[in-house]
Amino acid sequence: MLMQGFNNEVLPLLGWAMLALAVAAFVLALLPREDAYRAASKQTKTFWLVLLGVTVVVDFFLGMLFLQIAGLVATIVFFVDVRPAVRQVSGGGKRKGGSSSDGPYGPYNGGR
C-alpha cells in the first residue's frame, strides 16, 4: 500500500519537477550569445541546447527513469557550472550598483 501511494503520487510529482527544471534550463540556455559560452571555456551553445532539448523530450514523452536521471544530471551541471560562468563572462554578475572597488563586505576605502 505504501509503495502504491509512492508510485501514484510522489513519482509523478518528481517527474513534473524534473521537466520544469529541464524547460527552465533550456530557456536560460537560449538567452546568452554563442561567444559567451566559448569565452567561459564551456561547451558550445548548440551542445547545451541539444542536450537540454533531448532532456525535455525524454522527460515529457518517454518517461524512462534512467534517461530522466541522466538528463537531471545534465540540467544540474548547467545550473551549477555553465550558467554562472556564462553570466559572469557576459556581464550579468551579482553586482547591483556600487563601484568597482566594492568588496563582499562593502566598499574598499584603502585602509582609511
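A word on the numbers first. This is a predicted model, in which local features need pLDDT of at least 70 and side-chain atom pairs count only at pLDDT 80 or more, while totals for chains, interfaces and linings use all residues. Residues are numbered from 1 along each chain as its sequence is written, and side-chain values use heavy atoms, leaving out hydrogens and water.

The protein has 4 helices and 2 strands, running α-α-α-α-β-β from the N terminus. Helices (H or I, at least four residues) and strands (E, at least two) are DSSP runs, numbered from the N terminus. Of the 112 residues, 23% are buried; buried means under 20% relative accessible area, exposed over 50%, and partly exposed in between (1.4 Å probe, protein chains only). Among contacts (heavy atoms within 4.5 Å) between residues at least 6 apart in sequence, 60% join residues at least 24 apart.

Back to H3, which covers residues 45–62. Its buried residues are Lys45, Trp48, Leu49, Leu52, Thr55, Val56, Val58 and Asp59. After H3 comes Gly63, with a positive phi near 70 degrees.

Thr75 sits in helix H4, residues 65–89, and counts as buried because its relative accessibility is 2%.

What about the outside? The protein exposes about 8,100 Å², with 67% of that from carbon and sulfur atoms; accessible areas come from the Shrake-Rupley method with a 1.4 Å probe, and for residues only the protein chains shown count as cover. Trp16, Val57, Phe60, Phe61, Leu62, Met64, Phe66 and Leu67 make a nonpolar surface patch of about 930 Å². Patches take residues with over 30% relative accessible area and no salt bridge, joining like charges within 9 Å and nonpolar side chains (Val, Leu, Ile, Met, Phe, Trp, Tyr) within 5 Å. A salt bridge here is a side-chain nitrogen of Lys or Arg within 4 Å of a carboxyl oxygen of Asp or Glu.

H3 and H4 each supply at least two residues of the patch, and H3 gives the largest share, 4 residues. Phe66, one of the patch residues, belongs to H4 and is exposed, at 68% relative accessible area.
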